[in-house]
Amino acid sequence: MNKQAQAEKMSFNTMWQKYGTLGIFVLLVVVLTILKPESILNLQSIPQILNQSSVNILLALGEFFAILIAGIDLSVGSIAALVGMIVAKMMVAGIPVMLALFLGVIFGGVFGFMNGFLVNKTGLHPFIITLGTQAIFRGVTLIISNARSVFGFPVEFITFISSRVLGIPVAVIIAVVVAIILAFFTKKTKVGRNIYALGGNKEAAWYSGVNVKLHTLLVFIISGICSSIAGIVLIGRVGAAEPAAATGFETYAIAASIIGGTSFFGGKGKISGVFVGGLIIGIINYGMTVLTVPSSYQQIVMGSLIIISVTIDRFVATKK
Amino acid sequence: METLVQMKNVTKEFPGVKALDEISFNIQAGEVHVLLGENGAGKSTLMKILSGVYEPTSGQIVLKGKEFSKLTPKEAQENGISIIYQELSVINEISIQENLFVGKIPTINKLRIPVVDYKYMEKKANEVLSKVGLSRTAQTFVEDISISEKQQVEIAKALVADADVIVMDEPTTSLTSSETEHLFKIIRQLKAEGKGIVYISHKMKEIKEIGDRVTVLKDGTYVGTKRVDEVTEDDLVKMMVGREIKGTYHHPTLTDFSREKVIFEVKNISRKDCRVNDVSFRLHQGEILGFAGLVGSGRSELMNAIFGAEPKSSGEIYLDGHKIDIQSPYQAIKHGLAMVTENRRETGFLNNFDIKQNMSIVSYIKNTMFQGITGLVKNKWELENAGKYTQNLKVKCRDIHQNITELSGGNQQKVILGKWLAANSQIIIFDEPTKGIDVGSKSEIYVLMRELAQEGKGVLVVSSELPELLSVCDTIAVFREGEINGIFGVNEATEELIVKSSTGQIKQRGEKNE
């Protein structure tokens, strides 16, 4: 195949699509290395950055699917918080850890199902539906927790979530495994292919036999499951389930997906890109912390990055 | 009589096509001038030049004694031209009076700040609304009124704009007969006030009833202008279709299919929106069945209902004598149906997929256990499949990894065909298969259709190009207002006969071969 040979002649468009995300990542690492070499050139910092990014990456992986079908899921943070709270309550009540974690993931799928079901039944844009469920899930979290944090997890859970394999934190391994499964799902399964078709052109996909409603439902279930895993990782890392956990994290998830090269117009994007997108969010947060930039400035940088990425994406899309 | 508009030798060329060739046309005060011609004859193009949407390649337009070589929409409006398109352009979300004044909201100065002059708006609105006989308050939201009332709002809008010339593009397509009567009353009143009306329609009866003069266009050329009371309906049909059939098409076999096996049958299909009413037809082995009719007569709607893309309220479908249930395209595909849709861009190809992915999606979905979601993609098969069909169908492309949006219309259509052939489809519905396609690809598609029929596959063709149907099909069903008005064998069918049948001048109901 001479595909590679022909791809040699690259325009800015293809360059951006292929390496844009990675380029931003490398740029950030370089900038940080120059500004504060000791912050990044040591063995401790890299696992730390990865560890801090894992929740964002997990949320972004779910968000990716919602954006891929030209939708959005604003409820990822709320689902993470709610599932985290449910799992915490179950563990504290004495339910075996593994069963509690398993049920937590099931709950995440059910919450995602509710999003997808409402989108299908009402025909409203996912923005509206998940804007509503975001508040609902958060409200339920507050009710079941009495607006109080839950502590005192079983030791085996704490040791599991904070353990390391070959120096790599378990949270990172979970994020990587989920990413690998989803990469396989998007690249190798028919249902994954159908989701891309649905995102590219809903009508044409319908005429080609794609069951639009079923696939929409699946997308939100996947998003819900990813959010639930993120929620579990989060309570493990913090050591407590907080009712206000993961507030505003949907912004980071959306940012990671888009900076990771997912088209906001649907149908285009890759899991690997989203993973790197999540790392970029992580490194920005880490970098600003070590550079002692106030968190309000971090928000400004994050917001600017979203706008710049989407602008370039749009520019690339319309130029084609 | 005063001449309001004069269009002189207007020519319009689009890349590769001459849409209008030296057309002259004038509109006088107090007349209804009918513009007649088949689909694609150039009526709409001519009117879009008059309203400033298109810029003519050459020619002049004289409005109120001023000569223009081209018009902007604003100039057209300022010089008294108003167009009411078939797809009404009223805005549903605002009130009738706001619709009437869109773009020219009257203002009044209060404390030196210009604010909307609602008093004047309402007064003027009530005045024009009573003129067009619309008994609604000016504050009614447009989404709450019927289609015929929306049309009256459009006419009222033209009156607010002080139009001298009002163009109506097939205004009665979605009106009932009493609503049509009411519309004619308004038109007569406008005539009496000295307005010039351009009336675009296919309906012969209407033309005789309301028209004063008629100008016929055909393939972008001028055929003639006559006084309506001096011509018969037959004369008009002859003027419309009297064209030579170009000799590049392949002639169908003229065999009698009634003895052949029925491979596909549709019984009493209706839709809730009444765009298809109780339609039945049979397709025999080896036969290509065409569907003629005016745009909007319900042919595509029927095909979409058969294919499960849009809901049907009743009706049965039989494949090889077995009743099949189709509620979605997925089910249709599972039963071996295929549909090459009219709008490639909207419903045909996936713009984010390359050629090989476009060619494999239907096969993947067809070969699954449940709703297209089980199973894995097979990269090797995908490459072979795309290689095979790009070669067989002579798709001109760099390679099969090329994005489909980079291909020409004809090649995109071939890729779409490839995806259906790859899925081994047995009944293939072609909806306007050669729309916007170059001549070379066209004849290749015709040859392919014949080959498919000879292989024993069912071929259904919807087309608005009569020469295409006459040269490709063995049998032609003519649609009129959601029903089959006649079925003709190709040996008895002529353009004249089909036009007469599709405009309701002749009636031949019921199925053939019975």
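**Entry 1: α6 and α12 of chain A.** I looked up how helix α6 (residues 97-122) of chain A meets α12(A), and found them packed at an angle of about 145° with their axes 7 Å apart. Axes here are lines fitted to C-alpha atoms, for helices over the stretch in contact, and angles run from 0 to 180 degrees between N-to-C directions. I noted the crossing of α6(A) past α12(A) as right-handed; a crossing counts as right-handed if the near helix is turned clockwise from the far one by less than a right angle, and left-handed if anticlockwise. The residues of this contact divide into 15 nonpolar, 12 polar and 1 charged. Nonpolar covers Ala, Val, Leu, Ile, Met, Phe, Trp, Tyr, Cys and Pro, charged covers Asp, Glu, Lys and Arg, and the others, Gly among them, are polar.

**Note on the model.** The model is predicted: local features need pLDDT of at least 70 and side-chain atom pairs count only at pLDDT 80 or more, while totals for chains, interfaces and linings use all residues. Residues are numbered from 1 along each chain as its sequence is written, and chains are lettered from A and ligands numbered from 1 in the order in which they are written. Helices (H or I, at least four residues) and strands (E, at least two) are DSSP runs, numbered from the N terminus.

**Entry 2: α9 of chain A.** I checked the length of α9 (residues 170-188) of chain A: at 1.5 Å a residue, its 19 residues should span 27 Å, and the end C-alpha atoms are 26 Å apart, which agrees. The expected span is 1.5 Å times one less than the number of residues. I listed A171(A), V172(A), A175(A), V178(A), A179(A), L182(A) and T186(A) as buried. Seen down the axis of α9(A), the buried residues fall within an arc of 130°, so they line one face of the helix; the arc is that of the directions from the helix axis to the C-beta atoms. The face turned away from the buried side carries V177(A) and I181(A), both exposed. Buried means 20 or more other C-beta atoms within 10 Å of the residue's own, exposed 12 or fewer, and partly exposed in between, with C-beta atoms placed from the backbone.

**Entry 3: α17 of chain B.** I found 7 of the 8 residues of α17 (residues 495-502) of chain B buried, among them L497(B), I498(B) and V499(B). After α17(B) comes G504(B), with a positive phi near 85°.

**Entry 4: the chain contact.** I found 23 residues from chain A and 29 residues from chain B in the contact. Two residues are in contact if their C-beta atoms, placed from the backbone, lie within 7 Å. On the side of chain A that touches chain B, α10(A) gives the most, with 7 residues.
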